Amino acid sequence: MAQGALLSPDARADVLRRVASAAAGAHAPLSVPRGYRRHGALQPEERGELFCRRAGEYRADVRRVHAREVAAACAEICAASGVRRLVVPQGLPTAWRPSGVELVVDEGLSAHELDATDGALTGCTLAIAETGTIILTAGPAEGRRAISLVPDLHVCVVSEGQIVELVPEAFTALADRGLARRPITLISGPSATSDIELSRVEGVHGPRNLFVLVLREVS
Amino acid sequence: MTTFPEAARRELANDQLRTNLRNATETIRAKRGRAVAELPDWEALRDAAKAIKEDVLANLGPYLERFEEEVTAAGGHVHWARDAAEANAVVVEVARRHDATEVVKVKSLTTDEIGLNDALAAAGIHALETDFAELILQLDGDWPSHILVPAIHRNRTEIRDLFARTIAPGITSDDPRDLAEASRAYLRERFLAARVGVSGANFGIVETGSVCVVESEGNGRMCTTLPPVLVTILGIEKLLPRFADLGVLLQVLPRSSTGERMNPYTSLWTGVTAGDGPQELHVVLLDNGRTRVLADEVGRQALHCIRCSACLNVCPVYSRTGGHAYGSVYPGPIGAILTPQLHGIEHAASLPFASSLCGACYEVCPVKIDIPRVLVHLRAKAVEATGGAGERAAMETAAWAFESPRHLSIAQRAGALLTRPFARGGSLHRLPPPLRAWSRTRDLKAPATRSFRRWWRKERS
């Protein structure tokens, strides 16, 4: 199809002209005062604990495991939750892949095919302790955005070294690693709504069950 | 347009609305208070957020051009819309090119503002609202009463009955969990099969060309990830200069809005990513009155608004009348300053007066919009625009009375004399026209028959 502007080019020029004339008197701050906390103060151990606590408060099921236990922990979750078909991204570490369930490797599954699976297992890029948030940037172990969205259960593996303390630290880290232009998804607990009489219901359109496996660092 | 006092009188008669609103505003207010108190640097975050938005407005032209450049470089298409009709035309055209008879929509105040659903309907395209509350309202032909919880004026049994009539025949439970499940089941297939998604956006990042959507339910992720084509409508003021600015805004927005440390889902995407999400992206940059607001030195700060709705929950006026009384998609204190500026003061002259100027809205605003100051500024404009002869005469009389002790004494005596026939039990409940409207909602103590100053003179003599 023909691409490009669907409107007359006048609209662009007009809006920019109006903006220029309207903003003429607006004063810009000399610089943005950044007196807020930009560097965390916690030790790694405390940071990990804070993350687990905060993610748990959003009714994510958080479990601390050793790296070699990921596959077993995931198999246990799948068995307990009745997950038979589990989607995994192509780059998911082999050691994480559980046995006892049918693994469906995402090689461009259609939305309907994804919907016919029961859960997804992914890694993440970063996590934020203060808000209990995990951050996915569609990396090899994370897969594309739809994987952690369509299936009703999501198991996400977070290693302790990926946890930062504060929200600003996460965005600085994403930019520093050149990930700012990737598709980015911040997840804080399972999907939720409070639309009816403010009573909170977990799970509307996103996964209703979020499990977070936090890997203890091997010292 | 119905004036605010007329609409408010109608809404105040609705007991259920008032009960639900009180419950909602008090609950969210308390949650917000806890979420904010937890951060030691809340005020520093507000200062930063405000400065970021000031920076955006002062450099809006260059920022818009850079944003366009970045989106285009990442494979997206940028369209500029001077008004609602132009923005709607883009969405209609995109849907037509893909032979879509339905588009899936994320809740968006901006698309409500431009009347997108009606414009699409006129072109034979159904805009399916996918936010839980918005779906409820759409099924019932109702409209939002709160920015965050749009269907807060409806009860669970009403919603159950509505679902039984529409999307979930035979449903008997009114448990919110079962109702949410019904909406999940109804929308799932529509998400999977959708060809075109439509969204608003919370932020557009200038330096990367990214678009950011903040939500809870996952319908936003569905609409912006699954359809092969996505159209995002972005008010020109929604930009943030730097990617790092998200580190500020994504702290103040969820805590101010739902009172959560972080909302369940925040999505960012930049143009088109091969193999992930929509492969055709359109971003519509919308003016629709925003440059008019920008031109007003005092009023332009209304464009800082990040639509958190904290000002609604603390407002003594909103928490009684609800959102419908404001006659606009932007209710509450922020609506009272945004609507008259976007649409012209002559179309909403009563809104700047829908406030007691108590200042609670300013105190909670995460981007420090001085709403009371803008309200007073707009009141002056409303009086200029609508004449206000009565008020002017009253103010001139007051100015004369306070000019000298002698004038004041004459005014006091005249006031006592003139109001005496209307005093009942020491109070004035009902004054004759033209003061009747004023006295309808206020009681006034009847002026003393003898002023303090006269009494004092007598005592001392």
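What share of the contacts in chain A with a separation of 6 or more comes from residues 24 or more positions apart? I looked this up and found 70%. I note that the model is predicted.

**Chain A overall**

I listed the secondary structure of chain A and got five helices and 12 strands. I took the extent of its C-alpha trace along the principal axes, which is about 65 × 50 × 40 Å. I then checked burial: of the 219 residues in chain A, 52% are buried.

**Where chain A meets chain B**

I looked up the contact between the two chains next. On one side are 69 residues of chain A, and on the other 82 residues of chain B. I asked which elements of chain A supply at least two residues each to this side, and found α1 (9-22), α4 (111-115), α5 (167-176), β9 (184-187) and β10 (192-193). The biggest contribution is from α1(A), with nine residues. I sorted the residues of chain A that touch chain B by type and have 36 nonpolar, 20 polar and 13 charged.

I also followed the strand pairing between the chains. β9(A) pairs with strand β9 (residues 265-270) of chain B in the antiparallel sense, over four bridges. For A:Thr185, I found the bridge partner in β9(B) to be B:Ser267.

**Strands β2 and β3 of chain B**

I moved to a pair within chain B. Strand β2 (residues 102-105) and β3(B) run parallel and are joined by four bridges. I noted B:His126 in β3(B) as the bridge partner of B:Glu102.

Which residues of strand β3 (residues 126-129) of chain B lie on its covered face, and which on its uncovered one? I put B:Ala127 and B:Glu129 on the covered face, and B:His126 and B:Leu128 on the uncovered one. I recall that in a regular strand the side chains alternate between the two faces of the sheet.

**Helices α16 and α18 of chain B**

I ended with a helix pair. The axes of α16 (residues 332-343) and α18 (residues 371-386) of chain B come within 10 Å and cross at roughly 40 degrees.

From α16(B) they are B:Pro333, B:Ile334, B:Ala336, B:Ile337 and B:Pro340, and from α18(B) they are B:Ile371, B:Val374, B:Leu375 and B:Leu378. By type, I count nine nonpolar residues in this contact, no polar and no charged.

Note on methods. Residues numbered from 1 in each chain as written. Chains lettered and ligands numbered in written order. Predicted model: local features only at pLDDT ≥ 70, side-chain atom pairs only at ≥ 80, totals over all residues. Contact = placed C-beta atoms within 7 Å. Nonpolar A, V, L, I, M, F, W, Y, C, P; charged D, E, K, R; others polar. Pairing = 2+ DSSP bridges. Buried ≥ 20, exposed ≤ 12 C-beta atoms within 10 Å, placed from the backbone. Axes fitted to C-alpha atoms, helices over the stretch in contact; angles between N-to-C directions.
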